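Please read the points below with the model open beside you.

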Amino acid sequence: MRLWIKDPLAILADGADRGIVIEQGRIVERVAAGREPAVPADQVFDAGGHVVIPGLINTHHHFYQTLTRALPAALDKELFPWLKALYPVWARLDARALESAVTVAMAELMLSGCTTTADHHYVFPAGLENAIDIEAGVARRLGMRAVLTRGSMNLSERDGGLPPDGVVQDEDTILEDSLRLIEAHHQRGDGAMVQIALAPCSPFSVTRSLMTRTAELAERHDVRLHTHLAETEDENAFCLETLGRRPLDYLEDCGWLSGRVWLAHGIHFTPAEIDRLAAAGTSVTHCPCSNQVLASGMCPVHGMERAGVKVGLGVDGSASADSSNLMQEVRAAFLLQRLQYGVSAVSHRDALRWATAGSAACIGRGDLGTLAEGFQADLALFKLDELRFAGHGDPLAALVLCGAHRADRVMIAGRWTVEDGRIAGLDTAELARTHQSIARRMTADA
């Protein structure tokens with residue numbers, strides 16, 4: 001069946017003024033101004049009231065953290081003390097709580113126009129060894145694309161790390177489970193819905209051996225690698241003190257400076273380090289709201305792109321950004337980069353590109369992030385009928401400048417997953433009530 005998304009109010013695609021045609025989950029034609037589809041469509045969706053953009057792609061998150069938003073014990077703290085306040089609460093995570101957290105995070109993302117999300121799960125208290133399997137199940141149930149990164153920590157407080165003993169695992173357990181998850185869930189090729197990547201939490205929460213062996217495992221099985229890096233100056237100081245190296249130098253020592261890798265945050269790189277990232281093909285995820293909440297600093301996105309680094313966007317954990325709304329991150333990224341580089345250096349189209357084609361590059365997906373023939377039919381459609389848009393001129397600019405935050409329709413792999421601002425089959429009010437109850441239980445004495 002061929003579906004024509006017809007005559008949009010605006011569309012983020014060249015040569016598609018009259019929309020796009022979709023068949024079997026892919027875009028098969030862009031319809032230029034004054035033209036009709038080359039082959040008549042079986043169905044037509046009138047998009048005259050919608051701005052159409054590629055589905056947004058979230059490249060860094062921690063789903064479980066939706067259970068600890070705005071937690072009093074963690075307020076007004078920078079990264080390391082913030083983590084110390086939250087780890088004891090996260091150690092209470094169980095299967096029911098995680099499934100709720102994943103559902104909340106994915107639903108919130110999807111309603112913001114997101115069609116693909118990565119998650120970085122690295123907390124494995126006893127009884128939650130199947131955490132990534134739970135995430136895969138929710139992704140399939142909601143019909144969302146997901147890159148589930150098998151996170152890890154094997155340095156606890158007694159080893160000089162930050163996390164408590166109860167949430168870390170030993171190296172062999174981590175690597176065995178990483179291989180199991182690749183074999184059980186990782187899909188390859190265009191159109192893949194669930195993929196696995198490997199993601200030690202950070203250089204200061206795992207051993208050098210685990211970093212090195214994880215990179216070797218990823219190379220053997222051709223999966224991507226992800227970790228936090230250069231988020232704060234404290235991290236630089238910690239790495240220099242404990243490892244004798246700056247974080248990027250240590251990363252390269254461990255075999256991690258390659259095109260297989262995308263890094264979360266990337267705020268505190270030197271110009272020379274940025275050039276090394278570009279030469280290696282290593283990508284960076286910018287998390288603007290989280291970086292502001294924790295006062296970590298501003299990622300030099302424009303400077304990175306000028307050097308040749310691919311940059312995407314992420315919402316980061318909902319205990320730092322306190323939100324899983326990727327469209328809001330687009331606006332935050334736009335404003336931060338304007339502040340850093342000036343009006344002429346950054347446009348609204350740049351910000352939308354970071355969350356679409358840029359994010360697709362981070363996760364190694366050449367079939368996502370662009371509305372053109374051969375790409376997956378992942379779309380987000382926004383109406384401009386709220387008061388915040390009244391009086392707008394350019395519809396695409398209005399999405400970013402006026403603060404769009406909720407999609408009216410979302411399509412993933414050619415199937416509508418959000419219609420009229422609702423996810424079919426999901427009672428979001430009941431989900432929110434249940435989730436709040438679980439969060440209260442987990443955080444009762446925090």
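1. The largest cavity is lined by 23 residues, and those that lie nearest its centre are Leu-79, Leu-83, Tyr-122, His-228 and Glu-231. A cavity here is a set of points, on a 1 Å grid over the protein atoms alone, where a 1.4 Å probe fits but cannot get out, and lining residues have an atom within 4 Å of a point. The space in the largest cavity comes to about 190 Å³, where a volume is the space filled by probe spheres set on the points, with grid points joined across faces, edges and corners. Helix α1, residues 79–90, gives the most to this lining, with four residues; helices (H or I, at least four residues) and strands (E, at least two) are DSSP runs numbered from the N terminus. By class, the lining of the largest cavity divides into 11 nonpolar, nine polar and three charged residues, with Ala, Val, Leu, Ile, Met, Phe, Trp, Tyr, Cys and Pro counted as nonpolar, Asp, Glu, Lys and Arg as charged, and the others, Gly among them, as polar.

2. A word on the source. This is a predicted model, in which local features need pLDDT of at least 70 and side-chain atom pairs count only at pLDDT 80 or more, while totals for chains, interfaces and linings use all residues. Residues are numbered from 1 along each chain as its sequence is written, and side-chain values use heavy atoms, with hydrogens and water left out.

3. The largest pocket has a volume of about 410 Å³; a pocket is an open set of points with protein on both sides within 12 Å along at least five of seven lines. Of the 23 residues that line this pocket, Arg-69, Val-104, Glu-108, Ala-432 and His-435 lie nearest its centre. The elements that give two or more residues to the lining are α2 and α14 (428–442), and α14 gives the most, with seven residues. The lining of the largest pocket has nine nonpolar, 10 polar and four charged residues.

4. Which residues have the most contacts inside the largest nonpolar core? They are Ile-53, Trp-82, Trp-90, Met-106, Phe-269 and Leu-399, in a core of 119 residues; such a core is a set of buried Ala, Val, Leu, Ile, Met, Phe, Trp, Tyr and Cys residues joined through side-chain atoms within 4.5 Å. Helix α2, residues 95–111, supplies the largest share of this core, 10 residues. Apart from this core lies another, of 17 residues, among them Leu-3, Ile-20, Ala-377 and Trp-416.

5. Leaving aside neighbours within four places in sequence, Trp-82 is in contact (heavy atoms within 4.5 Å) with Gln-65, Ala-74, Lys-77, Trp-90, Leu-294, Ala-319 and Ser-320.

6. Leu-12 is found in the loop between β2 (10–11) and β3 (19–23), and at 16% relative accessibility it counts as buried; buried means under 20% relative accessible area, exposed over 50%, and partly exposed in between, with a 1.4 Å probe and protein chains only. Beyond four places in sequence, Leu-12 is in contact with Val-52, Ile-53, Pro-54, Arg-349, Leu-352, Leu-371 and Leu-396.

7. Gly-191, in the loop between α4 (171–185) and β10 (194–200), is partly exposed, with a relative accessible area of 23%. Not counting residues up to four places away in sequence, Gly-191 touches Arg-145, Arg-365, Asp-367 and Gln-376.

8. Most residues other than glycine have a negative phi. Asp-76, however, has a positive phi near 60°; this residue lies in the loop between β7 (56–58) and α1 and is exposed, with a relative accessible area of 83%. Asp-420, in the loop between β17 (415–419) and β18 (422–423), likewise has a positive phi, near 55°.

9. A search of the whole structure finds zero disulfides, a disulfide being a pair of cysteine sulfur atoms within 2.5 Å. For Cys-239, the nearest cysteine sulfur is that of Cys-254, 10 Å away, and Cys-239 is buried, with a relative accessible area of 0%.
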